[in-house]
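User: I am new to this structure and would like to learn how to read it. Could you walk me through some features, with the general idea and then the case at hand?

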Amino acid sequence: MTAIKICGITRAEDAHAAMALGATFLGFILWKDSPRHVEFGAAVDIIRTLPSDVGKVAVFVNPSDRDLIDAGNFGFQVAQVYEYTPRTIVANIRVLRAVRLAPGGEGIEPEVPGDETVLLDAHDPVLHGGTGRTVDWPRAKKIAATRRIFLAGGLTPGNVSEAIRLVRPYAVDVASGVEASPGIKDHARLKAFVQAVKETV
């Protein structure tokens, strides 16, 4: 089954609902300019209540090495990073680079070397995720044929099956598509999204 990442978690009740439904990863946005921002301490309080088999993802924009080290030390297993160029090897957390696909391009720009797993998101000059806009799925399909990807950008319970069938990503990532308002999850939409993913072959 395609892995599922529910991003923009700000409340423990949403984290536990997503986990109970079968989410593989939960994302906590630590970038202060996001409408789904959660303070680091509040995010840590939530992840400490979650079992080890749920992936805890700290979402950053241009983090320092210290940010990544602290996230790993406090229980996050993955750092999803926008506008980040690795400077040193951070041993206690996996780095997942997020790439915003601008219209008209080919492949990944800027290029991410090797077969490194990446998250593909819709391009926006200001926002970093949570735009509600889909990426170029045919372009994402070509990228997914050469490396493992998380597919984000405008996914909803209504379109996620189509996206999976076309792109064949390792994981799908949703934030705004399962919300009542930014940072507040709609549990009925969460259930519908997860069910759609599970039923897609």
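Predicted model: local features only at pLDDT ≥ 70, side-chain atom pairs only at ≥ 80, totals over all residues.

Analyst: Gladly! Residues are numbered from 1 along each chain as its sequence is written, and side-chain values use heavy atoms, with hydrogens and water left out.

User: Where is Thr 134 placed, and which residues does Thr 134 touch?

Analyst: Thr 134 belongs to the loop between β6 (118-122) and α4 (137-144). Helices (H or I, at least four residues) and strands (E, at least two) are DSSP runs, numbered from the N terminus. Contact means heavy atoms within 4.5 Å. Leaving aside residues up to four places away in sequence, Thr 134 touches Ala 122, Gly 153, Gly 154 and Asn 159. Leu 155 is 21 residues from Thr 134 in sequence, with 6.7 Å between their C-alpha atoms.

User: What does the chain as a whole look like in terms of helices and strands?

Analyst: The chain has six helices and 10 strands. It holds 201 residues, and 53% of them count as buried. Among contacts with a separation of 6 or more, 49% come from residues 24 or more positions apart.

User: How do I read a pair of aromatic rings, and how many such pairs does a search of the whole structure find?

Analyst: A pair of aromatic rings is described by how far apart the centres are and by the angle of the planes. Rings of Phe, Tyr and Trp (its six-membered ring) pair if their centres lie within 6.5 Å; planes under 30 degrees apart count as stacked, over 60 as edge-to-face and the rest as tilted. Here the search of the whole structure finds five aromatic pairs. One of them joins Phe 40 and Phe 76, a tilted pair with 6.1 Å centre to centre and 45° between the planes. Phe 40 lies in helix α2 (residues 40-47) and Phe 76 in the loop between α3 (65-73) and β4 (78-82), so this pair ties together parts that are 36 residues apart in sequence. Ring pairs also link Phe 28, Phe 40, Phe 74 and Phe 76 into a cluster.

User: Are Phe 40 and Phe 76 buried or partly exposed?

Analyst: Phe 40 is partly exposed, at 27% relative accessible area, whereas Phe 76 is buried, at 2%.

User: How should I read two packed helices?

Analyst: Two packed helices are described by the angle between their axes and the distance between the axes. Axes are lines fitted to C-alpha atoms, for helices over the stretch in contact, and angles run from 0 to 180 degrees between N-to-C directions. In this model, helix α5 (residues 160-167) and helix α6 (residues 187-199) have axes that come within 9 Å and cross at roughly 30°. In α5, Val 160, Ser 161 and Ile 164 meet Phe 193, Ala 196 and Val 197 in α6.

User: Which residues have a positive phi?

Analyst: Asn 62, a residue other than glycine, has a positive phi near 45°. Asn 62 is in the loop between β3 (55-61) and α3 and is partly exposed, at 47% relative accessibility. Arg 168 is another non-glycine residue with a positive phi, of about 55°. Arg 168 sits in the loop between α5 and β8 (171-174), and at 46% relative accessibility Arg 168 is partly exposed.

How values were computed
Buried < 20%, exposed > 50% of the residue type's maximum accessible area, 1.4 Å probe, protein only.
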